[in-house]
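Subject: Structure handover

Dear colleague,

I am passing on the structure below for your files. My notes on it follow.

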2 protein chains.
Amino acid sequence: MAEKITIYDISNKLNISAATVSRALNNNPKISLKTKELVLKTAAEMNYKQNRLAQALKSGKTNNVGVIVPYINRSFFSSVIRGIEEELSPHGYHVIICQTHEDVHNEIEQINTLLNTQIDGIFMSVAKTTQDTKHIEKVVKENTPLIFFDRKKNIDGISSVVIDDFKGGYLATEHLIKQGCKKIAHFSGDLNLEIYRNRHEGYLAAMKDYDVTAIPKFSMQVNSKIESGSTAINDLWNLSEQPDAIFSASDYAALGAIQELKRKGIKVPEEVGVVGFSNEPFTKYMELPITSVDQTPVEMGRNAAKVFLEQIEGSKTLSIEKKVVLTPKLNIRESSNRELIKKLLVSKE
Amino acid sequence: MAEKITIYDISNKLNISAATVSRALNNNPKISLKTKELVLKTAAEMNYKQNRLAQALKSGKTNNVGVIVPYINRSFFSSVIRGIEEELSPHGYHVIICQTHEDVHNEIEQINTLLNTQIDGIFMSVAKTTQDTKHIEKVVKENTPLIFFDRKKNIDGISSVVIDDFKGGYLATEHLIKQGCKKIAHFSGDLNLEIYRNRHEGYLAAMKDYDVTAIPKFSMQVNSKIESGSTAINDLWNLSEQPDAIFSASDYAALGAIQELKRKGIKVPEEVGVVGFSNEPFTKYMELPITSVDQTPVEMGRNAAKVFLEQIEGSKTLSIEKKVVLTPKLNIRESSNRELIKKLLVSKE
DNA sequence: TTGTAGGCGTTATCAG
DNA sequence: CTGATAACGCCTACAA
């Protein structure tokens, strides 16, 4: 049962032409109100459903967009996708997701199959291993709108939505300085990635602006892993002098640092303040909640979607490259909040 | 530039028919190796891309599936989606995501637009507010494969993949009993939902099997929120007697419980053991890591995908309803592990 | 206002 | 083995 019914089925039943049915269904002005209502009524009765596929083939527009991310179940990425979906869904778009597993080869593959499916646009955060960008440039050449979010490459004509990582690094460091920290260490990620370079530079700039000496040995490259954070602390504590604060470009490394400091009997934040980056869900649930820079992922997704919509509304030929930079938000929690701790201690006495 | 090129462009250039080109491209046996290779070569040169849309219109198969979840950025759901994507992607399917925001109206809307787009199948976890299931039955009537995961409704002919919530509840409770707990409380979720009823029954069954008295007042309905967990603890501590363990059907409520117990100066797990449910990422990062029942979401997604594949391979008419029940996994951590704590204490002395 | 006809890109059928 | 043709379901000039 439930044969697919088409506009022809309706037109036969009503003894009118399929064209008329089509017009009635599409609010075409060139049609009498009477026939229109009749068509609409019988369409509903016959349980007619528009075949968006045929429509898409005709119009060259599928109303589908693709989103390419490393892993869909990372909190950050799934939140961006949520933002994209929520912004685009009211406009009739569907979101197709693809994972690269941080592998360029998958990235290339995904882009190709997405183009085959005739999506109307692509949103992507490039894989860590992506160096060559021919596959990405190809998308632009085919006139398919492409929008980078978070992890981007600098390619002419491609819009992007990112957060101001420099500012994020600056805010985090400034906050630690204002808490009275004088010797602030920085755990950076892979400095080949722009985002980590920017966070690092934000850190250095804040140190400079507030006349705090940035000790070179205190800038360490640390993976985004709990163990790496612990190891880094041990490395630091093998030096001749130790920091009184850590600004980590990763929440996981920040967590590892806190765990290791605790093992060493060092008090956080009294002796060492810690700030992380990304505002991973776990940071706020900890017994000692971790201060972290929020990348506002849902907002990022929404903005990327808006850029896309503007891009397809605008004239096709004139595709303006738009660079949106969102301001990160510092969520101050106990791991860095000396004032709060002091108050708590006083109130307990 | 980059005009869309079709098989006709290739056929013109080669002075052969489009049909032959099509055959060459599709590994059709009825074609000479020579022409086939020629076509393949020039197709590559001309940068030809198959239009999957036209193919889909012709074949009635889009190679797209839809996944409907309450929120895509919940750890559990995004992990299920990951599993679905990873299992289906090698088979050439794309995954379209939809969110219901726990609202039936959105659910109905999403199902309709998905059907319009001619997807090949739907995966879904129903919204909490869903009572009436006409919109879901409609999908089956249209012969579109539908597979429930986690939150299902009992509808004839619909396959589902869930975890054995009863067993999850049983395992958690059994574990607490084996840790020496005698008065175990249970925080259940909304008992209108099957999953929570099953967890509750698992709890009761374990208590019975081990001859531990289940005190009715210790079975409480608690929301999946941190504050609700805290409140529940306060309620319990206003009773004439208190539990020595909590099995919470929610990790968030478990966390709230632990926080409140700590505020009261009650030691976890020495005085009160706590077990949660879902294995949310944060549970293992806590200073006191929380024991929790893992729902193996990625596996759930993979299995749902497999059921789908079987269903479309099999004859269309004979759609067998398949019920897959996965075994949950108890991750024992410090919040319930008295043995571990004892050892740690001894080693410290 | 309505009908006719052609085409979107592909594939399947039927001749040749 | 290859070519012509129709068809998938819809939309849109153009004609009536």
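In this model, 50 residues of chain B are in contact with 50 residues of chain A, contact meaning heavy atoms within 4.5 Å. The model is predicted: local features need pLDDT of at least 70, side-chain atom pairs count only at pLDDT 80 or more, and totals for chains, interfaces and linings use all residues. Residues are numbered from 1 along each chain as its sequence is written, chains are lettered from A and ligands numbered from 1 in the order in which they are written, and side-chain values use heavy atoms, with hydrogens and water left out.

The interface

Between them, chain B and chain A bury about 4700 Å², with 56% of it on carbon and sulfur atoms (the accessible area, 1.4 Å probe, that two parts lose on being put together, summed over both). L53(B), Y285(B) and E287(B) supply 15% of the area that chain B buries against chain A, more than any other three residues.

Four salt bridges cross the interface (a side-chain nitrogen of Lys or Arg within 4 Å of a carboxyl oxygen of Asp or Glu). K49(B) forms a salt bridge with E142(A), and the closest N and O atoms are 2.7 Å apart.

By class, the side of chain B that touches chain A has 21 nonpolar, 18 polar and 11 charged residues. Here Ala, Val, Leu, Ile, Met, Phe, Trp, Tyr, Cys and Pro count as nonpolar, Asp, Glu, Lys and Arg as charged, and the others, Gly among them, as polar.

Strand β2 (residues 94-99) of chain A pairs with β2(B) in the antiparallel sense over three bridges. V95(B) in β2(B) is the bridge partner of I97(A). Strands (E, at least two residues) and helices (H or I, at least four) are DSSP runs, numbered from the N terminus, and two strands pair if DSSP finds at least two bridges between them.

A sheet in chain B

Chain B has an open sheet of six strands in the order β7-β6-β8-β9-β10-β12, with mixed pairing. Its edge strands, β7 (219-221) and β12 (329-331), each pair on one side only. Neighbouring strands are turned by 20° against each other on average, direction ignored; axes are lines fitted to C-alpha atoms, for helices over the stretch in contact, and angles run from 0 to 180 degrees between N-to-C directions.

Within this chain, β9 (residues 273-278) and β10 (residues 291-294) run parallel and are joined by four bridges. G276(B) stands opposite S292(B) in β10(B). Helix α9 (residues 194-209) of chain B packs on the sheet, touching β6 (184-188), β7, β8 (245-248) and β9, and its direction makes about 165° with that of β6(B).

Regards
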